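Here is a note on the model you asked me to look over.

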Amino acid sequence: MKGINASRRAFLRTASALSTVGTAGAGIALNLAAVGSAAAQSAPADYKAIVCLFLFGGCDYANTVLSYDEPSWSGYVAARNVQPDPIALALPSAPVAGRTILPVTHLNANGLNAGRQFALHPNLGPLKTLFDNQQAAVIGNVGPLIQPTTKAQYNTRNYPLPPKLFSHNDQQSTWMAFAPEGASTGWGGRLGDLFMASNQYPVFTGISTSGNTVFLAGRESVQYQIGGSTAAGINGLNNVYNVGGANVALNALLQETRQNLFEREQVKVSTRSIAARDAINNAIGIAPAFTTPFPGTGIGNQLQTVARIIAGRDFIGARRQVFFVSMGGFDHHDGLNAGHGALMTQLGAAVAAFQAATTQLGIADKVTLFTGSDFGRTLTSNGDGSDHGWGSHHFVVGGAVRGGDFYGRFPLIGVGNSDEVGQGRLLPDVAVDQVAGTLGRWFGVSDTDLLTLMPNLKNFGSGTSATQQVDSALARVAFMA
């Protein structure tokens with residue numbers, strides 16, 4: 001994209017100037033350096049944001065999105081309710097305690113197998129409403145892949161597969177960075193590299209409400225981390241020993257002119273930190289009271305913070321932003337029904353509130369949220385839970401989503417078929433690269449850059465030109481308008 005090289009040169013000059021801060025302070029220094037950088041390219045006329053909602057632990061696919069036509073349901077129940085396991089993991093198809101699975105009627109624009117019927121977990125009522133209103137869609141059987149893979153190929157030695165399958169840390173990293181644990185950049189951060197110069201404050205291009213994440217780590221762009229409803233400032237700056245006016249003196253001390261080279265750089269870092277905190281807090285303060293309340297859960301609070309930052313996007317001059325929020329607790333080796341059900345309640349309520357907030361702000365078609373997770377889990381029961389798997393079903397939500405439908409090919413349900421690789425572990429049909437590529441194209445990334453940012457995307461496409469390759473790679477998962 002035009003201006004990227006200029007942005008890179010400006011960044012490297014700034015990084016070089018800040019190198020005297022030393023190893024311990026380099027991360028903070030580089031993070032805040034971006035705040036003072038001038039935009040090197042013309043900003044897009046519109047605003048767009050991508051929100052990654054990551055489900056840490058490996059979300060159980062089989063009880064999240066279900067296929068309940070007779071062959072599918074028979075395979076599901078047979079695998080989940082194996083005797084003599086003491087606890088049945090299969091959800092009831094008929095009302096139990098006033099609850100049952102939630103059938104959804106899809107548009108079938110993607111040509112799913114005739115006769116397939118689908119439903120959501122009983123606690124995902126708010127997401128069902130979004131699906132029914134065509135504001136949400138399901139991408140079936142997503143997972144890390146290097147190239148299209150059959151079960152026979154999976155069982156062949158030396159066939160290229162993602163490394164360290166079924167490992168939490170490695171598959172989390174592969175989802176976010178296309179490489180196992182130790183990766184230095186993620187695809188959200190690489191999107192930030194392309195668009196940071198479009199924003200008045202480049203440091204606010206990638207924002208995490210869930211701590212440090214490789215997803216938002218770029219080659220040049222760096223993530224801004226925020227916890228709670230406001231950005232944290234320098235410890236003690238706002239209240240020193242409860243003495244009125246002391247914070248004013250400390251503020252002046254932190255920012256006064258110094259002669260020593262190290263001290264001068266420290267002053268620059270402190271000044272940028274204060275400026276960044278003030279800018280983001282002022283942006284957050286612009287947000288209106290949201291008509292649909294956010295639930296007081298961890299994910300509810302995170303998505304509310306993201307909604308408030310988006311509401312103040314003009315104040316901080318943002319044109320492109322990538323956000324990271326998360327939920328934990330999905331590693332259900334035991335207690336699956338109760339634990340997973342409670343998390344589904346939190347997920348559905350928070351995502352619905354977020355969609356209502358973007359609608360209220362008038363930018364629902366400019367904000368797209370998607371879910372990701374380490375991996376799916378086994379269809380078979382281990383007694384009271386499920387084990388590590390591979391492919392899983394995921395949601396994408398927003399006004400620009402071709403909602404009310406399923407994308408990809410929904411797998412056969414059961415054990416011993418061509419769509420699983422043991423114990424009902426799904427062999428992914430859709431690569432994470434294809435999901436990322438679809439979002440990237442909507443975000444405004446050129447087809448040539450998509451093939452660079454998503455390293456395996458070319459393996460799922462064909463043709464001689466970049467556009468032909470990307471078109472064919474994304475055709476089966478065209479979930480964005």
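Which residues have the most contacts inside the largest nonpolar core?

1. Core. The largest nonpolar core has 73 residues, and those with the most contacts inside it are L53, L303 and F354. A nonpolar core is here a set of buried Ala, Val, Leu, Ile, Met, Phe, Trp, Tyr and Cys residues joined through side-chain atoms within 4.5 Å, and buried means under 20% relative accessible area, with exposed over 50% and partly exposed in between, for a 1.4 Å probe and protein chains only. Helix 11 supplies the largest share of this core, 9 residues. In soluble globular proteins, nonpolar side chains tend to be buried together.

2. Basis. This is a predicted model, in which local features need pLDDT of at least 70 and side-chain atom pairs count only at pLDDT 80 or more, while totals for chains, interfaces and linings use all residues. Residues are numbered from 1 along each chain as its sequence is written, and side-chain values use heavy atoms, with hydrogens and water left out.

3. Overall content. The chain holds 14 helices and 12 strands, where helices (H or I, at least four residues) and strands (E, at least two) are DSSP runs numbered from the N terminus. Of the 481 residues in the chain, 54% are buried. Among contacts (heavy atoms within 4.5 Å) between residues at least 6 apart in sequence, 73% join residues at least 24 apart.

4. F354 and the second core. When neighbours within four places in sequence are left aside, F354 is in contact with V51, F294, L303, V306, A307, I310, V367 and L369. A second, separate core has 49 residues, including I50, A436, V445 and L450.

5. Strand 1. All of strand 1 (residues 48-55) is covered, in that 8 of its 8 residues are buried; K48, I50, C52 and F54 lie on one side and A49, V51, L53 and L55 on the other. Strand 1 runs parallel to strand 8 (residues 320-327), joined to it by 8 bridges, and L53 has V325 as its bridge partner there. Strand 1 also pairs in the parallel sense with strand 9 (residues 367-373) over 7 bridges, with A49 opposite V367; two strands pair if DSSP finds at least two bridges between them.

6. Helix 4 against helix 11. Helix 4 (residues 125-132) and helix 11 (residues 336-360) pack at an angle of about 40°, with their axes 7 Å apart. Axes are lines fitted to C-alpha atoms, for helices over the stretch in contact, and angles run from 0 to 180 degrees between N-to-C directions. The two helices, helix 4 and helix 11, are therefore oblique to each other, given that angles under 35 degrees count as roughly parallel, over 145 as roughly antiparallel, 65 to 115 as roughly perpendicular and the rest as oblique. P126, L127 and L130 of helix 4 meet G348, A349, V351, A352 and Q355 of helix 11 in this contact.

7. Q355. Q355, in helix 11, counts as buried at 3% relative accessibility. Neighbours within four places in sequence aside, Q355 is in contact with L130, Q135, A364, V397, G398 and G399. Q355 and A136 are 219 residues apart in sequence, yet 9.7 Å apart in space, C-alpha to C-alpha.

8. An open sheet is formed by 3 strands in the order 2-4-3, with antiparallel pairing. Strand 2 (65-67) and strand 3 (102-104) stand at the edges with a single partner strand each, so one side of each is left without a neighbour in the sheet. The twist averages 40° from one strand to the next. Strand 2 pairs with strand 4 (residues 118-120) over 3 bridges, and S67 has F118 as its bridge partner. Helix 4 lies across strand 3 and strand 4, running at about 15° to strand 3.

9. G408. G408 sits in the loop between strand 11 (406-407) and strand 12 (430-431), and counts as buried at 6% relative accessibility. With neighbours within four places in sequence left aside, G408 is in contact with N110, L112, D429, V430, R476 and V477.

10. Helix 6. In helix 6 (residues 168-177), 8 of the 10 residues are buried. Just after helix 6, F178 takes a positive phi of about 65°.
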